[in-house]
Amino acid sequence: MSASALPYVVSLWSEDELRIEADLARAASLSLGRLVFDGAAVTHPHRMLTLRGPGVCEVRAAAAGDMTHAAAQARKARAFAAVP
């Protein structure tokens, strides 16, 4: 099985949280994907991460005090855009 066919993917998002910057890992099982996801959270504490795959979409976003300025501005802009 090629790496691109593995169903679970851990992604690192851009600092402004608008696009995926890199797929950090792919895994064959959800348990391995969660291990990588937790490790990536330690390695990239100020960034948004996602774990996606069959039946799962988990997001770990930086806490408001831990975000970069660009991420904070992007979140604020999205929040205002969502208000009717």
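The buried residues of helix α1 pack against β1, β2, β3 and β4 (56–60). Here a contact means heavy atoms within 4.5 Å, and buried means under 20% relative accessible area, exposed over 50%, and partly exposed in between, with a 1.4 Å probe and protein chains only. Helices (H or I, at least four residues) and strands (E, at least two) are DSSP runs, numbered from the N terminus.

Before I continue, a word on the source: this is a predicted model, in which local features need pLDDT of at least 70 and side-chain atom pairs count only at pLDDT 80 or more, while totals for chains, interfaces and linings use all residues. Residues are numbered from 1 along each chain as its sequence is written, and side-chain values use heavy atoms, with hydrogens and water left out.

Let me stay with helix α1. Which residues of α1 are buried? They are G33, F37, A40 and A41. An α-helix has 3.6 residues a turn, so residues three or four places apart point the same way. On the face turned away from the buried side, α1 carries the exposed residues S31, L35, V42 and T43. As for its length, α1 comprises 14 residues, 30–43, and should span 20 Å at 1.5 Å a residue; the expected span is 1.5 Å times one less than the number of residues. The end C-alpha atoms of α1 are 20 Å apart, which agrees.

I turn to the chain as a whole. Its secondary structure comes to two helices and four strands, and from the N terminus on the elements run β-β-α-β-β-α. Of its 84 residues, 29% count as buried. Among contacts with a separation of 6 or more, 40% come from residues 24 or more positions apart.

Strand β1 has two partners to discuss. Two strands pair if DSSP finds at least two bridges between them. With strand β2 (residues 20–27), β1 runs antiparallel and is joined by six bridges; Y8 stands opposite A27 in β2. With strand β3 (residues 49–53), β1 also pairs in the antiparallel sense, over four bridges, and S11 stands opposite T50 in β3.

The hairpin of β1 and β2 has six residues between the strands. One of the residues in this loop is E17, whose phi is near 60°, a positive value in a residue other than glycine. E17 counts as buried, at 7% relative accessibility. What does A71 contact, leaving aside its neighbours within four places in sequence? A71 is in contact with E15, D16 and E17. A71 has its place in helix α2 (residues 69–82) and, at 1% relative accessibility, counts as buried. The C-alpha atoms of A71 and D16 are separated by 4.1 Å, although the two residues are 55 apart along the chain.

Finally, the charged pairs. Side chains of opposite charge can pair when their charged atoms come close. A salt bridge is a side-chain nitrogen of Lys or Arg within 4 Å of a carboxyl oxygen of Asp or Glu, and the structure holds five of them. One joins R47 to E21, with the closest N and O atoms 2.8 Å apart. That pair links distant parts of the chain, 26 residues apart: R47 lies in the loop between α1 and β3, and E21 in strand β2. R47 counts as buried at 15% relative accessibility, whereas E21 is partly exposed at 43%.

Two further salt bridges share D23. R26 meets D23 with the closest N and O atoms 3.9 Å apart, and R52 meets D23 at 4.0 Å, N to O. R52 lies in strand β3 and D23 in strand β2, so this pair ties together parts that are 29 residues apart in sequence.
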